[in-house]
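These are my notebook entries on a structure that I had not examined before. I record what I looked up, in order.

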Amino acid sequence: MTQSGWRKPTPELLQAQRFAEVGEKLTIPKTRAIVATKKVAAVISLKSQDLLLLNTFGAVTQSQDWEQGTASFRVKERMPTRYM
């Protein structure tokens with residue numbers, strides 16, 4: 001990790017960066033991820049609106065949406081002709 005900006009790369013920051021890189025490659029079930037987020041909500045300063053959004057997000061997504069490399073929707077390449 002190189003220094004980019006004001007934050008000095010401390011050993012703790014480097015370890016957090018390594019944890020983040022490893023965590024990006026993990027596949028975690030939706031319910032486990034939501035429960036883990038709720039357990040640390042106060043520590044990471046989530047507000048009640050954030051938790052409500054998390055609950056809504058968890059309710060409308062499906063388990064395959066939480067797997068790495070999958071997309072729950074497709075983005076259209078073109079704009080509708082009425083906007084051109």
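**Entry 1: Basis and fold.** How many helices and how many strands are there in the chain? I find three helices and zero strands, where helices (H or I, at least four residues) and strands (E, at least two) are DSSP runs numbered from the N terminus. Along the sequence I read the pattern α-α-α. I note that this is a predicted model, in which local features need pLDDT of at least 70 and side-chain atom pairs count only at pLDDT 80 or more, while totals for chains, interfaces and linings use all residues. Residues are numbered from 1 along each chain as its sequence is written, and side-chain values use heavy atoms, with hydrogens and water left out.

**Entry 2: Confidence.** I looked up pLDDT, the predictor's confidence in each residue, from 0 to 100. The chain averages 77, and 71% of the residues score at least 70.

**Entry 3: Surface.** I recorded an accessible surface of about 7,900 Å² for the chain, with 59% belonging to carbon and sulfur atoms; the areas come from the Shrake-Rupley method with a 1.4 Å probe, and for residues only the protein chains shown count as cover. Of the 84 residues, 10% are buried (buried is under 20% relative accessible area, exposed over 50%, partly exposed in between; 1.4 Å probe, protein chains only).

**Entry 4: Ile 44.** Where is the place of Ile 44? I located Ile 44 in the loop between helix H2 (30-39) and helix H3 (48-60). Ile 44 counts as partly exposed because its relative accessibility is 47%.

Entry 5: Is Lys 30 buried or exposed? Lys 30, which lies in helix H2, counts as buried because its relative accessibility is 19%. Leaving out residues up to four places away in sequence, I list Gly 58, Thr 61, Gln 62 and Trp 66 as touching Lys 30; contact means heavy atoms within 4.5 Å. I then turned to Thr 61, in the segment after H3. Thr 61 has 12% relative accessibility and therefore counts as buried. With the same exclusion of residues up to four places away in sequence, Thr 61 touches Lys 30 and Trp 66. I also noted that a polar atom of the Thr 61 side chain lies 3.0 Å from the backbone oxygen of Phe 57.

Note on methods:
A polar contact is a pair of N or O atoms within 3.5 Å; within protein, one must be able to donate a hydrogen and the other to accept it, and residues adjacent in sequence count only if both atoms are side-chain atoms.
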